[in-house]
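Q: I would like to go through a structure together, one piece at a time. Could we begin once it is on the screen?

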Amino acid sequence: MRSQRRANNKKSRVRGALLRLIPFILFCGAIWYSSSQTYEQQSLIPILDRITSLELFRDQFSWVQFSYAGSIVSIDERGYAGFVEFFIRKGAHLGFFFMIGLFLSSFLHYLYPKLLISITATFLFIVFFAALDEYRQYLTGGRTPLIQDVMLDTTGGVLAIVVYFLYRTMLKRN
């Protein structure tokens with residue numbers, strides 16, 4: 001009876017670890033694959049040109065103009081599809097690194113119950129992986145590595161760490 005409980009507990013722990021580790025690996029793999037492609041291979045503009053051909057919100061966003069990494073981001077500068085693509089790409093930076101941070105925080109905390117250790121290790125990994133991703137882009141033709149993207153990636157990871165920390169803190173209180 002006791003050995004059966006131990007075996008079930010071990011299976012449960014392995015399953016719990018895998019439920020956190022596999023999505024983490026998949027999101028890291030997607031980033032790794034993406035940074036090995038040229039901009040032309042990844043460009044969403046041809047698809048967005050077809051989808052956004054009506055330019056439904058052009059008037060509402062025509063006033064938006066700002067600088068990102070030394071270049072102007074506006075509909076006039078990039079065209080409507082290029083403008084939309086910019087936000088999709090930067091949203092992907094935030095979103096993917098958010099998910100990486102969330103799953104890694106959860107996985108590490110599952111292995112090591114000290115929350116401070118898991119979130120610190122997650123933060124260090126996020127910064128390292130974001131910098132490594134931009135370095136891979138530097139090695140890939142037709143890509144521009146940007147420190148601003150490292151900061152954006154890190155922001156996504158930090159947001160995940162904060163969400164996870166708040167979640168664990170609320171669980172502890174209840």
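Q: What span should the 25 residues of α6 have, and how far apart are its end C-alpha atoms?
A: Please keep in mind that this is a predicted model. At 1.5 Å a residue, α6 should span 36 Å, and its end C-alpha atoms are 36 Å apart, so the two values agree.

Q: Which residues of α6 are buried?
A: The buried residues of α6 are L115, S118, I119, T122, I126, F129, A130, D133, E134, R136 and Q137.

Q: Which residues are buried in α7, and what do they pack against?
A: In α7 the buried residues are D149, V150, L152, D153, T154, G156, G157, A160, I161 and Y164. The buried residues of this helix pack against β1, α5 (75-111) and α6.

Q: Let us take T154 from that list. Why does T154 count as buried?
A: T154 has a relative accessibility of 14%, and buried means under 20%, so T154 falls in that class.

Q: What does T154 touch?
A: Not counting residues up to four places away in sequence, T154 touches F123, I126, V127 and A130. Of these, I126 and A130 are among the buried residues of α6. The side chain of T154 also reaches the backbone oxygen of V150 at 2.8 Å.

Q: Changing topic to aromatic rings: how many aromatic pairs are there in the whole structure?
A: A search of the whole structure finds 13 aromatic pairs. One of them is formed by F125 and F129, which are stacked, with 5.4 Å centre to centre and 15° between the planes.

Q: Where do F125 and F129 lie?
A: Both lie in helix α6 (residues 115-139), four residues apart, about one turn of the helix. An α-helix has 3.6 residues a turn, so residues three or four places apart point the same way.

Q: Which residues do ring pairs link into a cluster with F125 and F129?
A: Ring pairs link F24, W32, F97, F125 and F129 into a cluster.

Q: What polar contact does the side chain of R136 make with S35?
A: The side chain of S35 makes a polar contact with the side chain of R136, at 3.3 Å. S35 is found in the loop between α1 and α2 (39-42).

Q: Is S35 buried or exposed, and which residues is S35 in contact with?
A: At 1% relative accessibility, S35 counts as buried. Leaving aside neighbours within four places in sequence, S35 is in contact with Q42, D133, R136, Q137, T140 and R143.

Q: Now the strands. In which sense do β1 and β2 pair?
A: Strand β1 (residues 65-68) and strand β2 (residues 71-74) pair in the antiparallel sense, over four bridges. Q65 stands opposite S74, and the bridge partner of S67 is I72.

Q: What is noted about A69?
A: A69 has a phi near 55°, a positive value in a residue other than glycine. A69 lies in the loop between β1 and β2, and that hairpin has two residues between the strands. A69 is partly exposed, with a relative accessible area of 31%.

Q: One last item: where is K10, and how far is K10 from I75?
A: K10 is in helix α1 (residues 2-34) and is exposed, with a relative accessible area of 61%. The C-alpha atoms of K10 and I75 are separated by 55 Å, and the two residues are 65 residues apart along the chain.

Notes
Residues are numbered from 1 along each chain as its sequence is written. This is a predicted model: local features need pLDDT of at least 70, side-chain atom pairs count only at pLDDT 80 or more; totals for chains, interfaces and linings use all residues. Side-chain values use heavy atoms; hydrogens and water are left out. Two strands pair if DSSP finds at least two bridges between them. Rings of Phe, Tyr and Trp (its six-membered ring) pair if their centres lie within 6.5 Å; planes under 30 degrees apart count as stacked, over 60 as edge-to-face and the rest as tilted. Buried means under 20% relative accessible area, exposed over 50%, partly exposed in between (1.4 Å probe, protein chains only). A polar contact is a pair of N or O atoms within 3.5 Å; within protein, one must be able to donate a hydrogen and the other to accept it, and residues adjacent in sequence count only if both atoms are side-chain atoms. Contact means heavy atoms within 4.5 Å. The expected span of a helix is 1.5 Å times one less than its number of residues.
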